[in-house]
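Subject: Structure handover

Hello,

Here is the structure I promised you. Please open it and keep it beside this email while you read.

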Amino acid sequence: MGRDLHTNAPVLPAKQGTNRMGLQNGKVALVTGGRGGIGRAIVDRLQREGAIVYAADLSEDGSLAGPSANDSPFIRLDVTSEQAAIAAMDRVRAEHGKLDILVNAAGIEIEKTIENTSLEEWNRSFAVNVTGTFLTSKHALPLMRAAASGGRTASLINFGSYDGFIADPGLAAYCATKGAVHALTRAMACDHGPEGIRVNAICPGYIDTPMLQSFFTGDGSGGGGKTIDQLQQAVRDVHPMRTYGTPEDIANLVNWLASDEARYASGQLWVLDGGLSAQVQQMRL
Amino acid sequence: MTRLSGKRAFVTGGRQGIGRAIVEAFLVEGAEVITCGRGGKPDALPCTWHSLDVSDPDAVATVAQSIGPLDILVNNAGVQVEKTVVDSTDLDWDLVIGANCRGVFNCCRAFIPTLRSGGSIVNIGSISGQVADPSMALYNASKAFVHGLTRSIAVDHGPKIRCNAICPGWINTGMLEAGFDLASDPVAARQDALARHPVRRFGEPRDVAAMAVWLASDEAAFATGQLFTVDGGMTAASPLNPGVF
């Protein structure tokens, strides 16, 4: 249950067609990359918590092989297209008139050093990870202002990465785009906080998704004759928690940041990495 | 090489390692250098020596009074104990916090009034004050204290005094070797650690001294309240360097 920003009085969630007391009852959410590895878990969770959730993605299956079991409304969205962003928000406006939660989860990763990265690949990385965040946010803001009226906050959640702080080898363009998202997150929080819109970024470490599997098998990540299982175990062992994360772990944090409990959380970069980046380097001692 | 000519510097912990390198670099740059440490003056040290335990506030105050006006204070003296929180004893606390926290505090409190306008304090922090080395709990925490104190002094005592911290990474000193000696396979541990440094070598005391010279000099006149990491790129890299698996 939320509380009014100014009076601290409890704010009763709007009634939904469910008897479950969800954290997101009555809210409208849109998740870009909503049919991808992390996106599906976010859509599922926000929906279970009572929100109406639009899954926006390039295709109905997103980056995964199979269809989603989730019945969330789907919006075909190429985040690099301003026209597509406008059309997506037009639909949300027509159907609900507001947007309480925007999650910019669409992203791509090019596994190369800068010498091996073509200009086209560089531009594509920035187009999806940075420009996509910009375009979707820009056109969502009027709907988020509408949601933020009446003392409640709207929540915009970007996807940074622990790679925006420290570098993995052979991921140059990706690291640079995530650093840009971190700075953009702070800038947006400054600009739109006065309008009741909170802006945060989640910075995942290693999360079990197709992107991670690609990192294990891709050209840029070495391998040294080891099997994928051996590599994966080695990666788990470097984490203080001795595992990498799941999309559900990310969805848990999205759910909190999107909720009224997080009404004072804004402008921050939330690292969720099983302790990976808290250590200097895990030496094999 | 006269970037520090005409300046008087006091460097704590100048017997060996990083402190000794700072003393020697400051002398090369033309500074008058005074240093200190527990015990007697080491052989062949070409500058004034005070026998001093920085964790003793009265002793620090006495030395500060006897030295007179200064331009540069380098808080380098420090100790490390390789233990987790649960394994650390009260004596470990007194040792690590006494030298690394109280010692830096004692020296800053005693020497700030003796620093001339334009003076520079250089504290030796650590990358371990930013991110954790395993089984170094009190050391890690003590260096985070140094980082916080550095910012406070910069804020409280500017514009008269600048205060910055250097965060060394793994520097070839007795402390580093002690760390490797704890490994089950010291040779493999050394190789593994090297592979995690983009420059493919450990730091040398002179690498840290070079930064100390710059921060102490007038070239750094606009630098204050900051942490300067000198670690061969180690903390810029993810702990998950696949090249070392």
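First, some ground rules. This is a predicted model, in which local features need pLDDT of at least 70, side-chain atom pairs count only at pLDDT 80 or more, and totals for chains, interfaces and linings use all residues. Residues are numbered from 1 along each chain as its sequence is written, while chains are lettered from A and ligands numbered from 1 in the order in which they are written.

**Chain B: the strands**

Back to that pair. Strand S1 (residues 8-12) of chain B and strand S2 (residues 32-37) of chain B run parallel, joined by five bridges. Strands pair if DSSP finds at least two bridges between them. Strands themselves are DSSP runs of E, at least two residues long, and helices are runs of H or I, at least four; both are numbered from the N terminus.

S2(B) also pairs with strand S3 (residues 48-51) of chain B, again in the parallel sense, over four bridges. There B:Cys36 stands opposite B:His50.

Why is S2(B) called largely enclosed by the rest of the structure? Because five of its six residues are buried. Buried means that 20 or more other C-beta atoms lie within 10 Å of the residue's own; exposed means 12 or fewer, partly exposed is in between, and C-beta atoms are placed from the backbone.

**Chain B: the loops**

Look at B:Gly13, in the loop between S1 and H1 of chain B. B:Gly13 counts as buried, with 26 C-beta neighbours inside 10 Å. B:Thr35 is 22 residues away in sequence, yet the two C-alpha atoms are 6.9 Å apart. Leaving out residues up to four places away in sequence, B:Gly13 touches B:Gly19, B:Gly37, B:Asn76, B:Ala77 and B:Gly78. Touching is a contact: C-beta atoms, placed from the backbone, within 7 Å.

Now the backbone exceptions. Most residues other than glycine have a negative phi, and most peptide bonds are trans.

- B:Ser135 has a positive phi, near 55°. B:Ser135 is partly exposed, with 17 other C-beta atoms within 10 Å.
- B:Arg200 has a positive phi of about 60°. B:Arg200 is exposed, with 10 other C-beta atoms within 10 Å.
- B:Gly158 and B:Pro159 are joined by a cis peptide bond, with omega about 0°. B:Pro159 lies in the loop between helix H4 (137-157) and strand S6 (161-168) of chain B.

**Chain A: the sheet**

Chain A has seven helices and nine strands. Seven strands form an open, parallel sheet in the order S5-S4-S3-S6-S7-S8-S9. Strand S5 (74-76) and strand S9 (269-272) of chain A stand at the edges with a single partner strand each, so one side of each has no neighbour in the sheet. Neighbouring strands are turned by 20° against each other on average, direction ignored.

Strand S3 (residues 28-32) and strand S6 (residues 101-104) of chain A pair over four bridges. A:Thr32 stands opposite A:Asn104 in S6(A). Helix H3 (residues 119-147) of chain A packs on the sheet, and its direction makes about 170° with that of S6(A). Such angles run from 0 to 180 degrees between N-to-C directions, with axes as lines fitted to C-alpha atoms, for helices over the stretch in contact.

**Cores and confidence**

The largest nonpolar core has 64 residues; A:Ala29, A:Val31, A:Ile42 and A:Met144 touch the most other members. H3(A) gives the most to this core, with eight residues. Another core, of 61 residues, lies apart from it and includes B:Val54 and B:Ile166. A nonpolar core is a set of buried Ala, Val, Leu, Ile, Met, Phe, Trp, Tyr and Cys residues joined through C-beta atoms within 7 Å.

Of the 285 residues of chain A, 47% count as buried. Chain A averages a pLDDT of 88, and 87% of the residues score at least 70. pLDDT is the predictor's confidence in each residue, from 0 to 100. Over residues 1-19 of chain A, the pLDDT is below 50.

Best wishes

Key:
Two residues are in contact if their C-beta atoms, placed from the backbone, lie within 7 Å.
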